[in-house]
Amino acid sequence: MTISEEIRRLNLPPILKFADGRDVTAENWPQRREEILGIFEEHEYGRTPRGPFEVTGELVSKREDDYANKVLTERYTLNVCDTAENVKFSFPVVFHTPYGGRKKPLFVFINFRAQTPDEYMPVEEITDRGAAVAMIYYNDVAQDANDDFKSGVGPLYPRDKYDWSKIGMWAWSMSRTLDFALSLGRYDERKIACVGHSRLGKTSLWCGAQDERFKYVFVNDSGCSGDAVTRGKTGERIVHITNAFPVWSNEKYKEYRGREEEMPFDQHMLVAAVAPRYVYGGTAVLDTWADPYSQYMSYYLANDVYRLLGMKPADFPDRRPETGERFSGGSIGFHMRHGAHFFSREDWQCYLSFMEL
Ligand code: GTR
């Protein structure tokens, strides 16, 4: 069966129609994108505070001779002030920036651990390609625990006004990190990326779909409630994810347990919402819990938006991808590598190449 046939059977909400049935054109795509973001805010990830935010960084420590004297490592405490709500919150971020004259590409990376280097963050491979990386440890922003949003930034905002999920909070911290990074004046605004793996791949996608300053959005092994189409999905489903991790979504999303067909959206729309910026999904053949084929469907469908906008589409074949295949020649990319659920060096190398580094 072709992928288009598989997709047709799922009866997915179309990307290129407004909720009221109007056609989407290149001209009105920005409005459709806003509509899509509103749908995800209401039905899945919850409402995030919009600021305006003032972000300053306090330098905590610095190493000027890291990685054979090639890299400057700085640890900052970021102090964020939401000037509309009068909320203040601080969290640490570590920056690794390679030396050299011109402005550097930057990855804002949200990670599972605080230490650097880390098995998910091969600093030297990244900095040797000329890019900097700013890493946030997600538990510093809000604990990954079923704590009724009582940790980190959670309790600082009223839930009746902001029903943001932990994914929303982690995504927000990536945007605040970018606020600060841009204030340093040393990163190349045309090459700013967000990136994360698994639950933090979902986070990177939600962050990058919303925040247009991220010109590249990398989504590693994100699967359910990330970049995988939910309808017809194998492996993890809404019932599993919302039972095990009720704080990763808002309350509304839980109503769709076993009722995926009733959702006025599916995750392909969120991948599409990155357009006209670049988006790329990494998957792994053995990651059946995430379901690489349902992930592929999202990119396959989002490719239509790039065609509509006159940007270079990917050459995605109308069939399931094979192990080791990589489609990186267009404005949207995808790969399915060998092996299991992991953020590997191979994934990083694909993302660096997609950014032409
Ligand atoms: C799993 C979860 C997945 C995925 C993964 C991870 O337990 O079911 O959705 O996000 O965790 O983050 O490693």
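## Buried cysteines

Buried here means under 20% relative accessible area. In this predicted model, Cys194 sits at 0% relative accessibility, so that residue counts as buried. Cys350 is buried too, with a relative accessible area of 6%.

How many disulfides does the rule give? The count comes to 0. To count, two cysteine sulfur atoms have to lie within 2.5 Å. For Cys194, the closest cysteine sulfur belongs to Cys207 and is 4.5 Å away, which is too far for a bond. For Cys350, the closest cysteine sulfur is the one in Cys194, and at 17 Å that's too far for a bond as well.

## The sheet

Now for the strands. Ten of them, 10 strands in an open sheet, run in the order β1-β2-β3-β5-β4-β6-β7-β8-β10-β9, with mixed pairing. β1 (53-65) and β9 (326-327) are at the edges; each has a single partner strand, so one side of each has no neighbour in the sheet.

Phe109 stands opposite Val195 in β6.

## Helices on the sheet

Helix α5 (residues 166-183) packs on the sheet, where it touches β1, β2 (71-82), β3 (87-98), β4, β5 (132-137) and β6. The direction of α5 makes about 65° with that of β3.

Helix α10 (residues 292-308) also packs on the sheet, touching β7 (216-220), β8 (278-284), β9 and β10 (332-337). The direction of α10 makes about 165° with that of β10.

How values were computed: Residues are numbered from 1 along each chain as its sequence is written. This is a predicted model: local features need pLDDT of at least 70, side-chain atom pairs count only at pLDDT 80 or more; totals for chains, interfaces and linings use all residues. Side-chain values use heavy atoms; hydrogens and water are left out. Buried means under 20% relative accessible area, exposed over 50%, partly exposed in between (1.4 Å probe, protein chains only). Two strands pair if DSSP finds at least two bridges between them. Helices (H or I, at least four residues) and strands (E, at least two) are DSSP runs, numbered from the N terminus. Contact means heavy atoms within 4.5 Å. Axes are lines fitted to C-alpha atoms, for helices over the stretch in contact, and angles run from 0 to 180 degrees between N-to-C directions.
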